[in-house]
Amino acid sequence: MDGLKGLPEAIEAVFPQVQVQQCVVHQVRASLSYVGYKERKVVAADLKQVYTAPTREAGERQLEEFAAKWDSRYPTISKQWRMNWGRLAVFYSYPAEIRKVIYTTNAIESVNNGVRRVIKNRGSFPNDEAALKLIYLALQNLSEKWTMPVKDWRAALNQLAILFEGRLPLV
């Protein structure tokens with residue numbers, strides 16, 4: 001995650017209306033890296049209470065309860081969550097339908113890795129147009145692999161259209 005320092009701020013500078021959501025799944029994985037195998041399920045279940053809370057305030061209360069229970073053994077976990085809370089708690093401002101879609105960045109990372117893999121294999125390009133063509137073809141190939149629709153996408157799309165009226169093109 002350190003390689004991405006400053007990236008959210010750069011995105012916000014270019015797109016002033018954007019809200020940057022940190023990946024909850026990656027935060028949980030990072031948290032569990034401090035936990036022994038025998039306690040992972042219990043710690044993960046307690047963390048789930050934090051990110052599935054209905055409101056930001058309830059999530060903060062759950063984080064405090066988590067810290068009271070686990071800080072004596074794993075103080076780094078609650079410290080990490082508090083440090084990243086501003087970017088983790090963005091999804092509390094959205095209805096449940098949207099939360100289900102945005103809690104993880106795995107889909108975006110999958111696309112980035114596919115494009116990165118294609119570019120890395122080429123090394124250098126004669127010009128910018130050659131690089132753009134290769135990226136375009138990589139994206140075309142990657143999109144063919146995406147056969148599964150996003151679960152509950154229509155409900156999320158409806159909520160997004162309401163929340164971001166005028167920013168989401170109507171089809």
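Hi everyone, let's begin with Trp 85, which touches Val 50, Arg 56, Gly 59, Glu 60, Leu 63 and Tyr 92, leaving out residues up to four places away in sequence; contact here means heavy atoms within 4.5 Å. This is a predicted model, in which local features need pLDDT of at least 70 and side-chain atom pairs count only at pLDDT 80 or more, while totals for chains, interfaces and linings use all residues. Residues are numbered from 1 along each chain as its sequence is written, and side-chain values use heavy atoms, with hydrogens and water left out.

Trp 85 lies in helix H6, residues 85-88; helices are DSSP runs of H or I with at least four residues, numbered from the N terminus. Buried or exposed, then, is Trp 85? Trp 85 counts as buried because its relative accessibility is 8%, the cut-offs being under 20% relative accessible area for buried, over 50% for exposed and partly exposed in between, with a 1.4 Å probe and protein chains only. The Trp 85 side chain also makes a polar contact with the side chain of Glu 60, at 3.2 Å. By polar contact I mean a pair of N or O atoms within 3.5 Å; within protein, one must be able to donate a hydrogen and the other to accept it, and residues adjacent in sequence count only if both atoms are side-chain atoms.

Next comes Asn 84, in the loop between H5 and H6. Asn 84 is buried too, with a relative accessible area of 17%. Its side chain makes a polar contact with that of Gln 27, at 3.0 Å.

The axes of H2 (residues 24-32) and H5 come within 9 Å and cross at roughly 155°; axes are lines fitted to C-alpha atoms, for helices over the stretch in contact, and angles run from 0 to 180 degrees between N-to-C directions. That makes H2 roughly antiparallel to H5, the term for angles over 145 degrees.

Note on methods:
Helices (H or I, at least four residues) and strands (E, at least two) are DSSP runs, numbered from the N terminus. Angles under 35 degrees count as roughly parallel, over 145 as roughly antiparallel, 65 to 115 as roughly perpendicular and the rest as oblique.
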